[in-house]
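Trainee: Please take one part of this structure and go through it closely. I would then like to know what lies around it and how it sits in the chain as a whole.

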Amino acid sequence: MTSFHFPTSKTSFFLRVRKTRFDQKYPSYVISKGFAIVPSSGQDIHATGRCTLAPDQSVPRHVSLASSIRLRNSSVSELRREFINFFKSHQHSVVAPASVFPKRHEGSYFINAGMNQFKSIFLNQSDSICSEFKQLRRATNSQPCIRIGGRHDDLNDVGYDRHHHTMFEMLGSWSFGDYYKKEACSQVWKFLTEVLNLPTNAIYITYFGGDQKLGLPPDDETRDIWLNLGVMDQKLMPFGIESNFWRANQFSGGGLCGPSTEVHIDFKALCGGDQLDCARCLVNTSSPQVLELWNCVFITHRIIADNDVTEKHLKPDLLQPLTKSFVDTGMGLERLACVMQGLTSNYDSYEMNSLMEFIHSKANSCNRSVPTYQGLFLSNPLQDGEIKTDKDHSEITLSSLWNKISGKSSSSAVCSKSHLALDQSWKNFNMDNDLIDMWHRDTAYRVLVDHSRALAFALSDGLLPGRQGLPLKIRQLIHRAFRASVLTGLDTEITTSGKLKSLLGALVSEVTKRDVLSLKSFFNTMATIRGPSCRKSDALTPEQMESIINEEVTWFAPRLFHMEKSFNRCLEECTDRRQLSAEQVTKLMNGDYGHHVSWDMICAQSCWAGLLPPLPIETNSPSDKNKPLLFRSQKLNSNVISRQLHNLCVPFTDDSFKYNCYRKSEPDLNATRQYDFPDCETKLLGLLAIGNKHTDYTLITKQSSSNSDVTSVIQNLCDASNNETANNSLGFIFEKTNFFTSRGGQDADTGFIHYPSKILQFQVIETTFVPDPTSNSSTNGWIIHWCHKPDNLFLSLNNLNFDQSFVLRIDKERRFNLMCSHTGQHLFTSALESLVLSRASNSSAFQHIGGTSHPNYFTLKAAIIGSASELMQEDLGDFTRQLEQKCQKLINENGFISIWNTELAHAIKVKQIRYFPWEEYSAKVRTVCITKEKHPFNDHELADFNSVISAELCGGTHLFELSDLLDIAIVAVKGRQKTIKEFTCIFGHLAKSAHQCADELIQEGRSREKLAIHNPKKAAIHIDWYESVLNDPHYTGFLPLYARLALETNLYHINHKTDIIDNDQVQLYIDKIKIMVENNNCETSQAVISKLDFHRLNELILAFIQLNMTQPFVVYNINLAICYFPKSHSNQTALNLAHMIAKLLSTELGKMHLTAKGRPLRSNHLNNDDRYKYAFLQLSPTADTFTTMTKMQQSLNWNDYHTLLEKCVNSILLSPVYGKT
């Protein structure tokens, strides 16, 4: 054993911080617990004696196992099989594990427990219980779980302790009203003591000790059951609501809750024998000696709340008893393997140790010498002293290690051999500099193993890295793992063909071959019940997963260096060394230290540097963008309104009339008039009026109010209309409606409500679907029709009541356009998949992610994986043109759109039908089919129907004949270098006009290229034409992408073959710039901002170079501005600053449906130093205004936003980030 001694005089303040963090998170070790034999209402607890054992932190990596343990040293596969077979022998049905994908209504987190797929059974939602589960009474399975986000978010602990993971397998057993506490405890005890034959001295049991505040009594019944089973009183302990009252997430678990009893294992007692120290005081602490192994929950209640409720805000009236009593048990398979293998860390188990060896072999594949995994952890800050490091002891006390980290720059505790060489100021301490490297390297080993397992299971279920929601969390795991591997030298970033061949990619592929396929084969060999959420065949091959990882890290690697530099600069302002302040976090996220750093990366950097993770800061949730406008802007709580409607027994709105549409048999040149949409006559059920405060509302319904109340509410709305803060919004709820509300990516209908005799008319500006709070059904709920107060309201106000009929009329042109948009999206998806799979080898894959349908355009997100993605990137113009031609061919063949109504269980078995695993579908589903021939369907015909072009589960509205779509044009592709690409397309007459315009421009572009090359002296004239076309805002969202790419190629050829400079023009620009400086009164630190006609870009660049100005400049012409920031450099480029300015601008411009974007500026006349000083700022319409610009009322000229531009530019330039090296 080697001991390292550090002077206690150098113990840093940071030690006390880490100790405080530990004490706040866990109960104190040295506490007293009374014996469980004391009745909850009887003898004084102080009379029974106490345990006051001082904890010993020197827990070895390996412990001895008693020879009597039956399955000692068993593998994970053997233990999984033993568990499943045990409960199967006790009449439990084996249920296949669910996908880690949650359903959309279950929130933004992964499947984090085995009970998720049984939620409808627990809540007795008979309409949502699938046929496979209707007779289920007992169940068992092994469920892959991913815990990132929410109440079970342990991400910042992963890699830093022994047992937390982002992904683990949960062994589970359930009783759905069949048996209860006695049999559940008996089964747990029998499996532990008879099947595994664990020493009873090593087992500690906890149970619920009651909660007076909630009126919940102690669970004496469970206590007595354990005593009768033979559990010693010294091993049985009560705990409160924080430890032994389980609560599920409101969305994923429906708020289910109940008392629990837990099994804890004392590692030191696994050797057997009677002369053992008591470990009672280590239960429910972070001591590595005692491990929580198995949790048995008795689900008795449901928390009725609109959002997750903390223990602090939990009240008795929120607890609703369930009609049945349920049992839900869960045990981590990885933890069980540790116990049975005598290992105190999950990362030392046989399965994970083999992955550690794989990492080591890969890291040493390039003639390097990377140490093996040592199992080094930080111990809890309970004592100072020595550090023990040998093969059985690998603990570092915080007092010694954080002395080293908490020097001038704590983030610099990185591998000294890393190519990202950061500030090494901690070397000033007289200590072993390799120590911190050793701990960081072992942490990186653990992070890589853990995150690769989560990534392998997520990717195998079809979840890909993306920009928001669950895909964003997958991307963050990739970034965290790659960062740890690079900073510790485990990954050397091997480049092949411009892409990184990362260690992480190879590791994910290896995990898939081992663990994912092992779990799949296990359940394939057993007779299992397969629910609607069960894991399907792997969506991707291991090789495709590796390709996705490598593509992601190729994009992230260049940014990592700048993120680390930004974090270091931030730490220079961190005075207390405990935690970043909210202001510092905000500045990091805004890029004020040089580069934007995401919230997740800030947390990862903080933990790596020894700081506490920062406190959450309030930001606008991305999910808010998906909320209906009225609920988003007025901050109304739709959950509160839905519960109020439910309690008032208001009938659901019947919206089946939205599909009432007829295509006329007589041809019409105007396709819009080809379709007829009947009005809908209906009765009023409820009226919702928004108050002046935007959060207040009045709800009156037919069940709770009189007709006079309707008049009174609207009269009050009229009286308030003179108030400047008045909202003047009314929400109508009807018995039935023909309005389509926004779902499945399709925009909602607008239109009118007429009443009566059409004298009074309300304009519907938006519709909102409010789901029933007690049902998982996507169809049960109410539709609110939001209207502004009409000008002629007073004419018939007295006649407005619940008894008379209203007439609902939709905007027919908008509906027709939405039908075209949605049908076009289906057709485009099918054509894209066909083209991708036909142009590439078997290594390619296609996955439909989703899309949106708008009146003027549609979008499609799709993952294109493997060689197909590379082929697409090689010639994007040719690819998009072929795709458009494929769509046009199908349209010309005049296919038909038919609806097939069938059972969900039947539909998902048909291979041709596309559906999303994360969507919650009703038992009866609607399949939209595009076919080559008109054909009626029956329930079993589609499986063999060869004329199907596209088939997709969809609740949207569609055309009847494909020829009505006319045409499709691709105008933009986002994420061209990423796995997930987003296509934006226009359709109909607009697409036809766009293609005609594109052909004319391409022809002229080719002609001008030849003329410019033939006569270089006149090249400038032609260059001006290209730049005017490419920057013309009228072509934004209109010009097909293949045409734009062709023109850009023409311009590139001209610039590189005719490098002719007009010196007179250069001098003219120099003179104009000098005049701007003379007329400008601002300080030299502020930018000169002015309008300038820069039709000759190269000449303008040369003018700035010759002047060698020290003052920033922003010159603009129409919607394009050129930024010149002379203090910019490689670590803080003008483009980075342009992105920051664009972000500030877009906050204000967004109100006018405009946005600003930073763009790179390239010129052959810029050398390596000058190229960092220039960037473009482009003014563009937002996505929701993607249409011909003649329809826009907003100006696309920087001159109209000069003041705003000046304010935002100087705001960034005056911040510390500009000019800082």
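**A loop residue and a helix crossing**

Mentor: Val 158 sits in the loop that joins strand 3 (138-146) to strand 4 (167-176); helices (H or I, at least four residues) and strands (E, at least two) are DSSP runs numbered from the N terminus. The model is predicted, so local features need pLDDT of at least 70 and side-chain atom pairs count only at pLDDT 80 or more, while totals for chains, interfaces and linings use all residues. Residues are numbered from 1 along each chain as its sequence is written, and side-chain values use heavy atoms, with hydrogens and water left out.

Val 158 counts as buried because its relative accessibility is 2%; buried means under 20% relative accessible area, exposed over 50%, and partly exposed in between, with a 1.4 Å probe and protein chains only. Apart from neighbours within four places in sequence, Val 158 is in contact with His 164, His 165, Thr 166, Tyr 347, Val 447, Asp 450 and His 451, where contact means heavy atoms within 4.5 Å. From Val 158 to Arg 446 the separation is 288 residues in sequence, but 7.8 Å in space, C-alpha to C-alpha.

Next, a pair of helices. The axes of helix 10 (residues 434-460) and helix 12 (residues 503-524) come within 8 Å and cross at roughly 65°. Axes here are lines fitted to C-alpha atoms, for helices over the stretch in contact, with angles from 0 to 180 degrees between N-to-C directions. Residues of helix 10 that take part include Leu 448, Val 449, Leu 455, Ala 456 and Phe 457, and among those they meet in helix 12 are Leu 504, Leu 507, Val 508, Val 511 and Val 516. The residues of this contact divide into 13 nonpolar, three polar and two charged; Ala, Val, Leu, Ile, Met, Phe, Trp, Tyr, Cys and Pro count as nonpolar, Asp, Glu, Lys and Arg as charged, and the others, Gly among them, as polar.

With a relative accessibility of 0%, Val 516 is classed as buried. Leaving out neighbours within four places in sequence, its contacts are Ala 456, Phe 457, Ser 460, Val 511, Arg 535 and Asp 538. Ala 456 is 60 residues away from Val 516 in sequence, with 7.2 Å between their C-alpha atoms.

Most residues other than glycine have a negative phi. Gln 91, not a glycine, has a positive phi of about 65°; it is found in the loop between helix 2 (76-89) and strand 2 (93-94). Gln 91 is exposed, with a relative accessible area of 59%. Leu 966, also not a glycine, has a positive phi of about 70° and lies in the loop between strand 30 (948-953) and strand 31 (968-974). At 21% relative accessibility, Leu 966 counts as partly exposed.

Of its 1221 residues, 58% are buried. Among contacts between residues at least 6 apart in sequence, 75% join residues at least 24 apart.
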